[in-house]
Structure formats: structure tokens, C-alpha cells
Amino acid sequence: MKQIALALIAGALFAVGLGVSGMTQPSKVVGFLDVAGGWDPSLAFVMAGAISVHFLAYRLLRRQQRAASEGAPRFPLLADRLSLPTRTGVDARLLGGAAIFGVGWGLAGYCPGPALVSLASGSGAVLAFVLAMAAGMAIAHFAAAPRRAPADTATAGPTARDP
């Protein structure tokens, strides 16, 4: 229950931060991307703040993880272990996903977090974006799902119906 409560608090704080910084307004994002026109640097300050917090928190988590392995109190407090990404390479899938994200971000002025926060506005444009985003996520999920080739079924072994 503590994990759910903390997740709700973190999500609410994130939503408030997005709202206060103006990142739920597509015009802010498009203004940031328009470097040849009326460039709006406010998104750069929001990103710098977020990157700074993440940088410090990540270093603290890694230090705590090392201390826990040396007998210090277990960390994190609300999970069995600290889950960190294991993949560090840049591949075509990462680059393709980044390109699709960037094009969508530039065209719509939304990324997933601000779009979900903006659903509260009741805007049809936001709803259309979120539905398209969900459809894209579903397509990517099903496209990446492992498939069993027909040849695999022949070597899978006998089943209850086999003689």
C-alpha cells in the first residue's frame, strides 16, 4: 500500500511540476523547437532542472546500493532490489524509437507525461493524441512480442492429442 501511495504522490507532484512549468502547453514545446523563429528557452531550463535532479538521485541510489551490499540497511526501502537498466548500447530500435518520438513531439507539441496531465483539460486534440499514443504503444508491444515459428511446433514434442 505504501508503494501505491508514494506512486500517487510522485505522479501528482510530477503533474503539478508540468503544469507550473507550462509544459502542458504545446505552444511551449513548439516554441522551444523553433530555433529559427521565436525561440522559447523555457523548456531547456525545465530539462536542465530535471536532469540535475536525476543526476544527483542516481548517484545517491548507486552509493546506497553499494553500502547495502556491504551490510548497511537495505535499500531501497519499499522494494526488494534496485532495478537499473542493463542495456546500454545504441541500436537501430533505439534510434528509430527516438526519431518517432521526436517527430510526434514536434508535430503535436506533447510527449506522454504532459499529454496525460492535459487530459484533465478535456481537449479533443489531447484525447486524440493520447489515443494515438496508446495505439502506437500497443502496436509496438505486439510487434515486439516473440513469435513461435511454424517449424517450432513440429519439434515441440508430443501433446495430449498425439498418438
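I started with the second largest pocket, which has a volume of about 350 Å³. The model is predicted: local features need pLDDT of at least 70, side-chain atom pairs count only at pLDDT 80 or more, and totals for chains, interfaces and linings use all residues. Residues are numbered from 1 along each chain as its sequence is written, and side-chain values use heavy atoms, with hydrogens and water left out.

For the record, a pocket is an open set of points on a 1 Å grid over the protein atoms alone where a 1.4 Å probe fits, with protein on both sides within 12 Å along at least five of seven lines; lining residues have an atom within 4 Å of a point. Volume is the space filled by probe spheres set on the points, joined across faces, edges and corners.

I counted 16 lining residues here, with Phe-14, Leu-18, Met-23, Val-46 and Pro-114 nearest the centre. Helix α1 (2-21) gives the most, 5 residues; helices are DSSP runs (H or I, at least four residues), numbered from the N terminus. The lining has 13 nonpolar, 3 polar and no charged residues (nonpolar is Ala, Val, Leu, Ile, Met, Phe, Trp, Tyr, Cys and Pro; charged is Asp, Glu, Lys and Arg; the others, Gly among them, are polar).

Next I checked the largest pocket, about 590 Å³. Of its 20 lining residues, Gly-97, Ile-100, Phe-101, Gly-136 and Met-137 are the closest to its centre. Helix α6 (124-144) is in the lining and gives the most, with 8 residues. By class I got 13 nonpolar, 4 polar and 3 charged.

Terms used
Helices (H or I, at least four residues) and strands (E, at least two) are DSSP runs, numbered from the N terminus.
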